[in-house]
Amino acid sequence: MRWSWLVLSLCQFAIAGHAAGAERPLREVTIADPFIELHTGPGRGYPIFFVAERGEQIALVKRRTEWFKVRVARGQEGWVHFEQLTTTLDLDGEPFDLPALGFSDYAARRWEVGTLYGDFGGANVIGLYGSRSFTPNLSGELWLSQALGRFSDSTLATVNIVHLMYPDWRASPYFTLGAGVIKTEPKATLVATTDRSDSIALAGAGVRMYLSRRFVFRAEYKAHVVFTSRNDNEEVSEWKAGFSFFF
Amino acid sequence: MESRVLVLFLASTLAVGSLTGCGRDALVRADEAAQPPVIEPDVERREIDPPRIDTEDFEVGIFAGQLSVEDFGVNTVAGARFAYHVTEGFFVELAAGEADTELTSFERLSGAAQLLTDSEREYSYYNVSLGYNIFPGEGFVGRRRALNMATYVIGGVGKTTFAGDDRFTVNFGVGMRVMPLDWFAVHADLRDHVFDIDLLGQEKTSHNLEAHVGVTFFF
C-alpha cells in the first residue's frame with residue numbers, strides 16, 4: 001500500500017509526541033468554582049472519582065474536545081468538563097482565559113477544510129476542499145471532487161474564489177467562481193470509450209452556517225461548463241451539502 | 001495719550017516677564033537632565049509565556065480484519081484511519097482499506113475463463129464518515145481494573161474500486177473503542193459497504209461486510 005508509510009510515520013509521530021511531552025511544563029490554575037469533579041475519562045459516561053475544592057491549584061495536562069485532563073495537588077489525574085473551568089483563575093489571580101472556541105474564532109479563521117456530498121449531473125459526488133481566507137469576505141478554495149455515476153466516473157480539481165456576503169452573521173450566503181479540470185472515465189462495462197480530460201469553469205452560490213466549536217455547515221449549488229473537444233460544451237449542475245472545520 | 005502709554009508699558013512688561021520666565025525654566029530643565037537620577041530602577045521584566053495546553057483531538061491508526069466481498073469470498077483487509085473528534089460525542093473519520101479478492105464459486109467450479117484480471121480483483125476503498133459515541137463508559141476487566149471505552153455508530157459515503165470500476169459506496173456500522181491509555185485505543189469494528197455493481201450483466205446492490213480490529217493513537 002502506497003500510503004502505509006505515511007500512516008505508520010504518523011503513528012510513530014503520535015507515540016513520540018507522548019513520550020517527549022512527559023516533562024513539559026504545565027499550565028497551572030486555581031479553582032474558583034465551589035468544587036470541580038474529576039471524571040475517569042473525557043466524556044459524560046465516565047464516572048466521577050475525585051472532587052477538588054475552591055482555592056486548590058491544578059495543572060492542566062491536556063485537552064480533548066470539551067474536556068481537560070487536570071492534575072490536582074495530591075497527584076490524582078482526571079478529566080474535568082470545560083464549563084467547570086470557565087471561572088478558574090491564573091496564578092496571578094487574573095481570570096484564566098480558557099482557550100474556548102467560539103463565533104469570534106470563526107470570524108478570525110484562516111484555514112478551513114471540509115467535505116461535502118451531493119449530486120453532480122445525476123452522479124453521486126464527494127468533494128473535499130481546503131480554503132484560505134484573505135479578508136473576512138474573500139477566500140480561495142481548492143477543491144478535489146469525485147463524481148461516481150452509472151455510466152462514468154469523473155474526478156474534478158478546481159480553484160475557486162468565494163465571496164461571503166455577511167461574514168459577521170452566523171449564517172450567510174456566498175457566491176463563488178472557479179475553474180479547473182475534469183477527468184472523465186467511462187465505466188469498464190461500456191464498450192469503445194476513452195478517458196478524457198477537459199477544462200471546466202463554474203459559478204455557484206450557497207449558504208454557510210457556523211454551528212459550534214470548529215464546525216461549519218455548508219450547502220451549495222454550482223453550475224459547471226465543461227469545455228469539451230466536441231462541438232458542444234456540456235453543462236452540469238451540482239448540488240451538495242456537508243461540514244467543514246476551521247483552524 | 002496716557003492710556004496708550006499705559007498699554008505700551010503693560011505690553012512690554014508682559015513680554016519681558018514671559019521671556020525671562022521661559023529662559024529660567026529652560027535652564028532649570030537642562031540642569032535636571034544633566035544630573036543622574038537618585039534611584040536607578042533595576043527591575044528585569046519577566047516574560048510571561050504560559051505553557052500551551054496540549055490538545056488531542058486527532059486520532060490516527062491502522063486496522064486489519066476480514067472483508068466479505070459478495071460473490072468473491074471472504075478476504076483479508078488492511079487499512080488506515082484518521083479521525084477528528086469534534087465534540088465528546090461526534091467525530092469525523094477518513095478511512096481507506098485494501099483487500100485481494102478470491103475466485104467466485106463459479107470460476108472455481110467451472111474452471112473456465114476468469115471473470116477478472118489480477119488487478120481488477122483488487123478491492124480498495126476510501127470513505128468519509130460521521131460517528132457518534134452512543135455508549136461511553138467503563139468496562140471492567142476482572143475485579144480490579146476498569147477500562148474507558150465507547151461504543152459508536154458510524155456511517156458515511158465513499159468510493160470502492162473493484163472489478164475495474166469506481167463505485168459510489170455507502171458504509172455504516174458499529175464499533176467499539178477501548179482505551180487502555182488516554183492516548184492509545186484499540187478498536188473493533190463491524191461495517192457494511194453497500195454499492196451497486198453490474199459485473200454479472202444485471203445491476204444489483206451488493207453488501208460487503210467487514211469486521212476488523214485496529215489500534216489508534218491520539219495526538
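G155(B) is partly exposed, because 16 other C-beta atoms lie within 10 Å. (A residue is buried if 20 or more other C-beta atoms lie within 10 Å of its own, exposed if 12 or fewer, and partly exposed in between, with C-beta atoms placed from the backbone.) Keep in mind that this is a predicted model, where local features need pLDDT of at least 70, side-chain atom pairs count only at pLDDT 80 or more, and totals for chains, interfaces and linings use all residues. As for labels, residues are numbered from 1 along each chain as its sequence is written, while chains are lettered from A and ligands numbered from 1 in the order in which they are written.

**More on G155(B)**

- You'll find G155(B) in strand β6 (residues 145-162) of chain B. Helices (H or I, at least four residues) and strands (E, at least two) are DSSP runs, numbered from the N terminus.
- Leaving out residues up to four places away in sequence, G155(B) touches S129(B), L130(B), N171(B) and F172(B). Touching here means being in contact: the C-beta atoms of the two residues, placed from the backbone, lie within 7 Å.
- Y132(B) is 23 residues from G155(B) in sequence, and their C-alpha atoms are 9.3 Å apart in space.

**Chain B as a whole**

- Chain B has two helices and nine strands, and along the sequence they come in the order α-β-β-β-β-α-β-β-β-β-β.
- Of the 219 residues in chain B, 32% are buried.
- Take the contacts in chain B between residues at least 6 apart in sequence: 54% of them join residues at least 24 apart.
- P36(B) sits in the loop between α1 (2-34) and β1 (54-55) of chain B. P36(B) counts as exposed because it has 5 C-beta neighbours inside 10 Å.
- Between the C-alpha atoms of P36(B) and N208(B) there are 87 Å, and the two residues are 172 residues apart along the chain.

**Chain A as a whole**

- Chain A comes to two helices and 15 strands. Its radius of gyration is 25 Å, well over the 18 Å that the globule rule gives for 247 residues, so chain A is more spread out than a compact globule. (The radius of gyration is taken over C-alpha atoms, and the globule rule is 2.2 Å times the number of residues to the power 0.38.)
- Along its principal axes, the C-alpha trace of chain A spans about 80 × 45 × 30 Å.
- Chain A is split into domain 1 (4-100) and domain 2 (105-246), with 39 Å between their centres, taken over C-alpha atoms. The domain bounds come from an automatic or database domain assignment.
- Buried residues account for 31% of the 247 residues of chain A.
- How confident is the predictor about chain A? The average pLDDT is 86, and 91% of the residues score at least 70; pLDDT is the predictor's confidence in each residue, from 0 to 100.
- Confidence in chain A is lowest in helix α1 (residues 4-20), at a mean of 69, and highest in strand β10 (residues 138-148), at 94.

**Strands side by side in chain A**

- β11 (residues 152-164) and β12 (residues 171-186) of chain A pair in the antiparallel sense over 13 bridges. Two strands pair if DSSP finds at least two bridges between them.
- A hairpin of six residues joins β11(A) to β12(A).
- β12(A) is also joined to β13 (residues 196-212) of chain A, by 14 bridges in an antiparallel run.
- Y174(A) in β12(A) stands opposite L164(A), and in β13(A) the bridge partner of Y174(A) is G206(A).

**Where the chains meet**

- 45 residues of chain A are in contact with 39 residues of chain B.
- Which element gives the most to the side of chain A that touches chain B? That's α1(A), with seven residues.
- By class, this side of chain A has 21 nonpolar, twelve polar and twelve charged residues. Ala, Val, Leu, Ile, Met, Phe, Trp, Tyr, Cys and Pro count as nonpolar, Asp, Glu, Lys and Arg as charged, and the others, Gly among them, as polar.
- β4(A) and β1(B) pair in the parallel sense over two bridges, and K62(A) has D54(B) as its bridge partner in β1(B).

**Two positive phi angles**

- T65(A) isn't a glycine, yet its phi is positive, at about 45°. T65(A) lies in the loop between β4 and β5 of chain A, and counts as buried because it has 21 C-beta neighbours inside 10 Å.
- D71(B) isn't a glycine either, and has a positive phi of about 75°. D71(B) is in the loop between β2 (58-68) and β3 (74-85) of chain B, and is buried, with 20 other C-beta atoms within 10 Å.
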